[in-house]
Amino acid sequence: MKSFTLYKDSDLWHSFVQGDKESFALFYRRNYPKLYSYGMSLCQDQEQVRDLIQELFVKLYTTPRLIKEYSTIQPFLFASLRNACINHEKFRKRHTGLYETDSFELTYSVENNQIEDEEEHRIVKEKVEKVISSLTPRQKEIIYLRFLHQMSYEEIAGIMNLSPQAARNLTYRAMEKMRKENPELLLWILCLFMLCK
């Protein structure tokens, strides 16, 4: 049995396309947690996110030619799930009459052994929540992709249907907003996101 940590996504996908079905299973197990986390940030419905990820992988299994460039596998997966979530929300709103604003939940944890005092921990958590809540859904999403998944602006542009320059600008505006909200916490928050990977 192969260990998926030894292989890059492109290696696993190439192996699957060559006929190795075990590589697809490894590819699935490797990418499912990242996609699930991203999907939950987009639509917060566990069952729906699981279903959309299943549908995506079934489509990839039955139509492997959907991935044309092995170097763009991660952005392709994220963009596909994002589009599926958006389409699901549009369908749901059309059939239920619910018209909610777009949302994106930026998940993080302030659990840190360095903050031993319970009151100090509560204060830091409130400050972080205030900074995060000041961001728009798109700003939260771009911070999530850029810092949690360390994606390039080109990859983010493909996922969020932006130009690379617009992705840079959106990231800059999000960082500026966080810096203005609480300059002391900005670096700490970005480190926090990276540790949540």
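1. A residue is called buried when its relative accessible area is under 20%, exposed when over 50%, and partly exposed in between, using a 1.4 Å probe and protein chains only. By that rule Trp13 is buried, because its relative accessibility is 0%, and Phe27 is likewise buried at 0%.

2. The model is predicted, and local features need pLDDT of at least 70, side-chain atom pairs count only at pLDDT 80 or more, and totals for chains, interfaces and linings use all residues.

3. Aromatic pairs come next: rings of Phe, Tyr and Trp (its six-membered ring) pair if their centres lie within 6.5 Å, and planes under 30 degrees apart count as stacked, over 60 as edge-to-face and the rest as tilted. The count by this rule is 14 aromatic pairs. In one of them, Trp13 and Phe27 have ring centres 5.1 Å apart and planes at 50°, so the pair is tilted. Trp13 belongs to helix H1 (residues 9-17) and Phe27 to helix H2, so this pair ties together parts that are 14 residues apart in sequence; helices here are DSSP runs (H or I, at least four residues), numbered from the N terminus.

4. Phe27 also forms a tilted pair with Phe24, at 6.4 Å centre to centre and with 40° between the planes. These two residues of helix H2 are separated by about one helical turn, because they are 3 residues apart. Ring pairs link Trp13, Phe16, Phe24, Phe27, Tyr28, Tyr32, Tyr36, Phe57 and Tyr61 into a cluster.

5. Helix H2 (residues 21-43) packs with helix H3 (residues 46-62) at an angle of about 145°, and their axes are 9 Å apart; axes are lines fitted to C-alpha atoms, for helices over the stretch in contact, and angles run from 0 to 180 degrees between N-to-C directions. The contact residues divide into 14 nonpolar, 4 polar and 2 charged, where Ala, Val, Leu, Ile, Met, Phe, Trp, Tyr, Cys and Pro count as nonpolar, Asp, Glu, Lys and Arg as charged, and the others, Gly among them, as polar.

6. Finally, Cys85 is found in helix H4 (residues 73-96) and counts as buried, because its relative accessibility is 3%. The C-alpha atoms of Cys85 and Cys43 are separated by 6.7 Å, although the two residues are 42 residues apart along the chain. Leaving aside neighbours within four places in sequence, Cys85 is in contact with Gly39, Leu42, Cys43 and Leu52.

Technical notes. Residues are numbered from 1 along each chain as its sequence is written. Side-chain values use heavy atoms; hydrogens and water are left out. Contact means heavy atoms within 4.5 Å.
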